Amino acid sequence: MSRLAAGVVLVTAHEPPLDPDDPDAPGGEDVGMTATAFLSVSLDPPLVMVSLREGSRMDDLLAEQPLWAVSVLAESQRHIAGRFAMKGRISDRLLFEDIPYARGEKSGAPLVGGALATLECRTEQTVPAGDHTLVIGRVLTAGVPSADGGPLTYFRGKYRQLG
């Protein structure tokens with residue numbers, strides 16, 4: 001499957017506070033994950049799908065939080081893809097610290113500035129598939145914040161540019 005080129009996206013969600021009724025409880029946290037297994041499923045209704053490693057932080061979060069977002073990364077955003085794909089990485093709070101983003105109106109999740117496209121989604125269905133969970137989401141909002149540059153792709157184990 002390394003011979004199949006794929007687009008690269010950042011999937012994000014906002015983890016709600018542990019106890020929303022307690023003003024002294026820690027606030028919610030933004031979570032992000034690089035994904036290459038992302039695709040359009042349907043135009044009517046608008047549905048997309050992302051494949052998450054079973055037991056990953058994003059898999060666990062989306063089992064509880066139905067709202068999430070996707071930023072389709074541009075070729076100039078390789079550093080973002082690499083940062084959120086690291087194993088044993090630092091906290092997500094620090095990973096988002098110097099990345100420009102806007103908070104989605106529907107999901108509350110970060111939408112990366114300079115992305116080729118952004119989507120906000122609500123989970124419609126999850127399907128266990130081997131060691132992954134397929135999450136199918138209804139697209140709530142879609143935007144094209146940047147038309148500059150080409151897409152970031154992943155092929156034969158490396159991030160690449162078209163052309």
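The legends below describe close-up views of a predicted model.

**View 1. A patch of positive charge lies on the surface.** Five residues gather in this patch: R3, R78, R156, K158 and R160. R156 sits in the loop that links β11 (152–155) to β12 (158–161). With a relative accessible area of 45%, R156 is partly exposed. K158 and R160, also members of the patch, fall within the residue range of β12 (158–161).

**View 2. R156 has a positive phi.** Phi at R156 is about 50°, although R156 is not a glycine. Most residues other than glycine have a negative phi. R156 belongs to the loop between β11 and β12.

**View 3. Three strands form an open sheet.** The order of the strands is β1-β11-β12, and the pairing is antiparallel. β1 (6–7) and β12 are the edge strands, each pairing on one side only. β11 and β12 are joined by four bridges and run antiparallel. Across this pair, Y154 stands opposite Y159 in β12.

**View 4. Strand β6 is largely enclosed by the rest of the structure.** β6 covers residues 67–72, and five of its six residues are buried. Strand β2 (residues 9–15) is joined to β6 by four bridges, and the two strands run antiparallel. In this pairing, V11 stands opposite V70 in β6. β6 also pairs with strand β9 (residues 117–129), through six bridges and again in the antiparallel sense. Here A69 stands opposite E120 in β9.

View 5. E75 has a relative accessibility of 24% and so counts as partly exposed. E75 and Q125 are 50 residues apart along the chain, and their C-alpha atoms are separated by 31 Å.

**View 6. Strand β10 pairs with β5 and with β9.** Strand β5 (residues 46–53) and strand β10 (residues 132–143) are antiparallel and share seven bridges. R53 stands opposite H132 in β10. β9 and β10 also run antiparallel, joined by 11 bridges. L119 stands opposite A142 in β10.

**View 7. G130 lies in the hairpin of β9 and β10.** Two residues lie between the strands of this hairpin. G130 takes a positive phi near 60°.

**View 8. M58 is a buried residue of helix α1.** The helix spans residues 57–64. M58 counts as buried because its relative accessibility is 1%, under the 20% limit. From C-alpha to C-alpha, M58 and I99 are 19 Å apart in space, while 41 residues separate them in sequence.

**View 9. The peptide bond from D44 to P45 is cis.** Omega for this bond is near 5°. Most peptide bonds are trans. P45 is found in the loop between β4 (38–43) and β5.

Methods:
Residues are numbered from 1 along each chain as its sequence is written. This is a predicted model: local features need pLDDT of at least 70, side-chain atom pairs count only at pLDDT 80 or more; totals for chains, interfaces and linings use all residues. Side-chain values use heavy atoms; hydrogens and water are left out. Patches are made of residues with over 30% relative accessible area and no salt bridge: like charges are joined within 9 Å, nonpolar side chains (Val, Leu, Ile, Met, Phe, Trp, Tyr) within 5 Å. Accessible areas come from the Shrake-Rupley method with a 1.4 Å probe; for residues, only the protein chains shown count as cover. A salt bridge is a side-chain nitrogen of Lys or Arg within 4 Å of a carboxyl oxygen of Asp or Glu. Lys and Arg count as positive and Asp and Glu as negative; His and the chain ends are not counted. The place of a charge is taken as NZ of Lys, CZ of Arg, CG of Asp or CD of Glu. Buried means under 20% relative accessible area, exposed over 50%, partly exposed in between (1.4 Å probe, protein chains only). Two strands pair if DSSP finds at least two bridges between them.
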